[in-house]
Amino acid sequence: MVIAGTRIVQVRQSVLRKNDLLARALRQRFQDAGVFVISMVSSPGSGKTTLLENTLTRLQPQYRVAALVGDLATENDAVRLARSHAPVKQITTGTLCHLEAAMVETALVGWNLHELDFLFIENVGNLVCPSSYDLGENLRIVLMSVTEGEDKPLKYPTIFNSADVAVITKMDLAAAVEFDRVAANRSIESVRPGMTILEVSAKSNAGMDAYVDFLRAHHATARVTANV
């Protein structure tokens with residue numbers, strides 16, 4: 001006899017296993033094409049789309065960039081990102097609170113990955129579900145804004161543990177909301193010791209040069225590694 005709880009666990013393990021296998025295939029496909037893939041995760045309202053629009057615009061003079069955008073219901077984010085003149089596709093998930101590798105694979109139909117240097121994947125606004133789903137990315141960035149509170153990493157440790165970089169957004173509002181930079185950094189460090197932390201404001205452009213340079217450096221390192 002299999003109790004309901006056991007069955008749920010087994011189904012979840014099966015779903016994750018299937019996703020991991022597809023993500024592994026996507027990662028190899030991205031590597032073969034020479035495209036560097038960055039996924040962005042955060043809670044709603046952290047400024048992901050504004051940061052991404054700014055980033056796409058800054059990278060385009062030198063690199064070929066594109067973005068996939070996940071949302072529950074609307075195409076608003078894709079419309080906003082289209083202003084950067086980069087190729088953008090919306091992935092509407094319905095009731096699903098995260099993107100999965102299969103959704104990414106489907107969204108890539110019609111795109112020649114060999115014509116891209118960077119591919120950004122903006123996940124659905126959520127700090128719980130996306131932590132379990134590999135999308136084949138090279139780099140996972142977790143965002144937290146100064147308006148969300150310095151203890152965000154302590155409340156959602158799994159997503160910070162599964163990410164490579166923490167980006168603190170909306171730094172132009174830090175003084176107004178009395179953001180405690182030391183406390184925020186301490187929270188991140190307690191959950192993920194040694195994690196890279198970047199501070200940006202996509203509106204005032206503070207920290208954006210360092211952020212984009214960081215992405216460029218990782219892209220260059222990935223290319224060198226792939227060619228070894």
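## Sheet

Helices (H or I, at least four residues) and strands (E, at least two) are DSSP runs, numbered from the N terminus. Two strands pair if DSSP finds at least two bridges between them. The model is predicted: local features need pLDDT of at least 70, side-chain atom pairs count only at pLDDT 80 or more, and totals for chains, interfaces and linings use all residues. Residues are numbered from 1 along each chain as its sequence is written, and side-chain values use heavy atoms, with hydrogens and water left out.

Strand 6 (residues 165-169) pairs with strand 7 in the parallel sense, over 4 bridges. Val 165 has Thr 196 of strand 7 as its bridge partner.

Contact means heavy atoms within 4.5 Å.

## Disulfide

The whole structure was searched for disulfides (pairs of cysteine sulfur atoms within 2.5 Å), and 1 was found. The disulfide joins Cys 97 to Cys 129, S to S 2.2 Å. The torsion about the S-S bond is about -75°, so the disulfide is left-handed.

Cys 97 lies in the loop between strand 3 and helix 4 (101-107). Cys 129 lies in the loop between strand 4 and strand 5. The pair therefore ties together parts that are 32 residues apart in sequence. Cys 97 is partly exposed at 22% relative accessibility. Cys 129 is also partly exposed, at 22%. Buried means under 20% relative accessible area, exposed over 50%, partly exposed in between (1.4 Å probe, protein chains only).

## Ser 43

Ser 43 sits in the loop between strand 1 and helix 2. At 8% relative accessibility, Ser 43 counts as buried. Residues touched by Ser 43 include Lys 48, Gly 125, Asn 126 and Lys 152, not counting residues up to four places away in sequence.

The side chain of Ser 43 makes a polar contact with the side chain of Glu 148 (2.3 Å). A polar contact is a pair of N or O atoms within 3.5 Å; within protein, one must be able to donate a hydrogen and the other to accept it, and residues adjacent in sequence count only if both atoms are side-chain atoms.
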